[in-house]
Amino acid sequence: MLTCRTYATLIAAATSLAIACVGTGQAAAAGGGHPSACRPANHLANIRPDQAGSGHLHYRVTLTAPKGYAACRLAGSPTVLDFTRNGVPLGVKAGRYGDQTTSVTFGPGHPVHFDIQVPNQGHRMTADQASFTLRAPDGEIPGTSVADGTLRIAAGTAVGPVRSGA
């Protein structure tokens, strides 16, 4: 009789555990379950000329996320920015400018952009791609994002913070 009660107790405990696990799985799926738009593979980026400023050329890098991805938060200027032409690194590293603490929402229906500011003087080179690492309010987002588009770069190039809108 003691053995029957022990088995009955074990079966009841296992059943309760199984029900709890199923409930947890359903709660996680109900909470979204979509991959983050901030991951490099989950968004698109392009570069286009923007309005020139006093002594600088400006290029706008716009990030968009297709439907099916979860919104996320970005903050500050992207880091580890490399410029290439036909896949060859050009050796120009960009600095940062502007407020590095304000965060913005990015995801489907919420495009973001950042500015690449290039001094109008000095030796400029043509690039066709920029590689960068996005930043969240609490640190860098793993992986490298890539934006395509023609731009001119030079020593002293700087990148502004991510802002809402295209």
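**Charges, rings and core: a friendly walk-through**

Trainee: At 19% relative accessibility, does Arg60 count as buried or exposed, and what is the cut-off?

Mentor: Arg60 has a relative accessibility of 19%, and that counts as buried. Before we go on, this is a predicted model, so local features need pLDDT of at least 70 and side-chain atom pairs count only at pLDDT 80 or more, while totals for chains, interfaces and linings use all residues. Residues are numbered from 1 along each chain as its sequence is written, and side-chain values use heavy atoms, with hydrogens and water left out. On the scale used here (1.4 Å probe, protein chains only), exposed is over 50%, partly exposed is in between, and buried is under 20%.

Trainee: Good start! Which side chain does Arg60 meet in a salt bridge?

Mentor: A salt bridge here needs a side-chain nitrogen of Lys or Arg within 4 Å of a carboxyl oxygen of Asp or Glu. For Arg60 the N to O distance in its bridge is 3.4 Å. The pair links distant parts of the chain, ten residues apart, with Arg60 in strand E2 (residues 56-64) and its partner in strand E1 (residues 44-53). Strands (E, at least two residues) and helices (H or I, at least four) are DSSP runs numbered from the N terminus. That partner, partly exposed with a relative accessible area of 32%, is Asp50.

Trainee: How many salt bridges does the count come to?

Mentor: Beside the Asp50 and Arg60 pair, the side chains of Asp82 and Lys93 meet at 2.1 Å, N to O. Asp82 lies in strand E4 (residues 79-85) and Lys93 in the loop between strand E5 (88-89) and strand E6 (95-96), so the bridge ties together parts that are eleven residues apart in sequence. Asp82 is partly exposed at 25%, and Lys93 is exposed at 55%. The count of salt bridges comes to two.

Trainee: Asp115 is buried yet has no salt bridge, so how far away is the nearest side chain of opposite charge?

Mentor: Asp115 lies in strand E8 (residues 112-119). In this charge scheme Asp and Glu are negative and Lys and Arg positive, with His and the chain ends not counted. The nearest side chain of opposite charge to Asp115 is Arg60, at a distance of 6.7 Å.

Trainee: Which side chain makes a polar contact with the side chain of Asp115?

Mentor: A polar contact is a pair of N or O atoms within 3.5 Å; within protein, one must be able to donate a hydrogen and the other to accept it, and residues adjacent in sequence count only if both atoms are side-chain atoms. At 2.9 Å from Asp115, the polar partner is His58.

Trainee: Which rings make up the aromatic pair, and is it stacked or edge-to-face?

Mentor: Rings of Phe, Tyr and Trp (its six-membered ring) pair if their centres lie within 6.5 Å, and planes under 30 degrees apart count as stacked, over 60 as edge-to-face and the rest as tilted. The count comes to one aromatic pair. Its rings have centres 5.2 Å apart and planes at 75°, so Phe114 and Phe132 are edge-to-face.

Trainee: How many residues apart in sequence are the parts that this pair ties together?

Mentor: Phe114 and Phe132 are both buried. Phe114 lies in strand E8 and Phe132 in strand E9 (residues 124-133), so the parts tied together are apart in sequence by 18 residues.

Trainee: How many residues does the largest nonpolar core have?

Mentor: A nonpolar core is a set of buried Ala, Val, Leu, Ile, Met, Phe, Trp, Tyr and Cys residues joined through side-chain atoms within 4.5 Å. Those with the most contacts inside the largest one include Val61, Phe83, Ile116 and Phe132. Elements giving two or more residues to this core include strand E3 (72-75), strand E7 (103-106) and strand E12 (145-154). The residue count of the core is 33.

Trainee: Last one: how far apart in space are Arg96 and Gly160?

Mentor: Arg96 is found in strand E6 and counts as partly exposed at 47%. Leaving aside neighbours within four places in sequence, its contacts include Ser77, Arg135 and Val159. Arg96 and Gly160 are 64 residues apart in sequence, yet their C-alpha to C-alpha distance is 5.9 Å.

Definitions and conventions. Contact means heavy atoms within 4.5 Å.
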